[in-house]
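Let's walk through a protein model together, one piece at a time. Keep the sequence and the 3D view open while you read.

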Amino acid sequence: GLNFIDLMVRQGNIDNPPKTPLVPGFECSGIVEALGDSVKGFEIGDRVMAFVNYNAWAEVVCTPVEFVYKIPDDMSFSEAAAFPMNFVTAYMMLFEVANLREGMSVLVHSAGGGVGQAVAQLCSTIPNVTVFGTASSFKHEAIKDSVTHLFDRNADYVQEVKRISTDGVDIVLDCLCGENTGKGLSLLKPLGTYILYGSSNMVTGETKSFFSFAKSWWQVEKVNPIKLYEENKVIAGFSLLNLLFKQNRSGLIKVVMDKLLNLYNNKKIKPVVDSLWALEEVKEAMQRIHDRGNIGKLILDVEKAPTPLVS
């Protein structure tokens, strides 16, 4: 699986990036080739998907058993590589952090991306949930049926949301950061929850620019705790990778994965795969995410031959 966090790793826009040389990637799918001595519940030849703390973009991957899950029979390997990061992130934000219930409303940015599409599908499993989404206008035709109201990512979405729902929304999921933090907080209803789960506005241009990075952080609304108290608002952050690899919550993630696989088996959710790329094409694949050209998930396929360049 190729995720926006991989672009941030490449540009050094994360805390304590690993020293080079490194193999990127945090999720994969494949066939079990070997087992540790004490491993129970898996056999060689099993079809599995897994979280990996780096090193996922490889032909052979090693990861602790608590990060590995069996793939349902009718799920393809590409769907399985698109499943863990996006759907666990979406599920935990909606149900563990924000307590999504019937009749609530959700605003999600990058509605056409992997997490955005997972959020839209999970919201559809709860009655009468209104989903407001922002996305690049060229994606609107493809994703218009997955959300209730769709806005251009460059439009004044605050005014658009308030025109439809005068008192705002119950949940804001923000993967952009920067000036969107203040906008998101302003849209929250009392007892609403704003969740920051990424900062794609930190990725700018082709190279890491300290000044654009600093400017983006400078635009983040300085949150006043007294104001939160007076307005009855909740502000939260969510990092799946930290939860898995720094805070040892793999047991909680397993419970969530079991619920998600149940939803998949009942045909309630299905990962959206945008495109498959050979490992040699990772530069072009990253550029597609950077340009926000994808609808759903990009997958690196170790068995795919690079597409010949047309002269």
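A salt bridge here is a side-chain nitrogen of Lys or Arg within 4 Å of a carboxyl oxygen of Asp or Glu. Side chains of opposite charge can pair when their charged atoms come close.

Before we go on, some ground rules. This is a predicted model, in which local features need pLDDT of at least 70 and side-chain atom pairs count only at pLDDT 80 or more, while totals for chains, interfaces and linings use all residues. Residues are numbered from 1 along each chain as its sequence is written, and side-chain values use heavy atoms, with hydrogens and water left out.

Back to our pair: is each partner tucked away or out in the open? We call a residue buried under 20% relative accessible area, exposed over 50%, and partly exposed in between (1.4 Å probe, protein chains only). Glu-231 has 32%, so it counts as partly exposed, whereas Lys-233 is buried at 15%.

How many salt bridges does the rule count? It comes to eleven. One of them joins Glu-79 to Lys-270, with the closest N and O atoms 2.5 Å apart. To say where these two sit, we need names for the elements: helices (H or I, at least four residues) and strands (E, at least two) are DSSP runs, numbered from the N terminus. Glu-79 belongs to helix H2 (residues 77-81), and Lys-270 lies in the loop between H11 and strand E10 (273-277), so this pair links distant parts of the chain, 191 residues apart. Glu-79 is buried, with 9% relative accessibility, but Lys-270 is partly exposed, with 46%.

Now look at a salt bridge inside one helix. The side chains of Glu-160 and Arg-163 meet at 2.8 Å, N to O. Why does the spacing of Glu-160 and Arg-163 in helix H6 (residues 157-164) put them about one helical turn apart? Because they are three residues apart in that helix. An α-helix has 3.6 residues a turn, so residues three or four places apart point the same way. Glu-160 is partly exposed at 27%, and Arg-163 is exposed at 59%.

Time to zoom out. The domain assignment (bounds from an automatic or database assignment) gives domain 1 (4-83 + 248-300) and domain 2 (87-242). Taken over C-alpha atoms, the centres of domain 1 and domain 2 are 24 Å apart. Counting contact as heavy atoms within 4.5 Å, 30 residues of domain 1 touch 32 residues of domain 2.

The size of an interface is often given as the accessible area lost when the parts come together. Here, buried area is the accessible area (1.4 Å probe) that two parts lose on being put together, summed over both. Between domain 1 and domain 2 that comes to about 2,700 Å², and carbon and sulfur atoms give 64% of it. On the side of domain 1, Gln-11, Arg-292 and Ile-295 lose the most area to domain 2, together 23% of what that side buries. One of those three, Arg-292, sits in the loop between H12 and strand E11 (297-300), and Arg-292 is buried, at 16%. What about salt bridges across the interface of domain 1 and domain 2? The rule finds zero.

Helix H3 (residues 84-97) deserves a stop of its own. Twelve of its 14 residues are buried, so H3 is largely enclosed by the rest of the structure. Among the buried residues are Phe-87, Tyr-91 and Phe-95. Just after H3, Asn-99 takes a positive phi of about 55 degrees.

Let's finish with Asp-46, which you'll find in the loop between strand E1 (27-31) and strand E2 (47-51). Asp-46 is buried, with a relative accessible area of 18%. Leaving aside residues up to four places away in sequence, Asp-46 touches Gly-30, Ile-31, Val-32, Gly-41 and Lys-70. The side chain of Asp-46 also reaches the backbone nitrogen of Glu-43, at 2.7 Å.

Conventions: A polar contact is a pair of N or O atoms within 3.5 Å; within protein, one must be able to donate a hydrogen and the other to accept it, and residues adjacent in sequence count only if both atoms are side-chain atoms.
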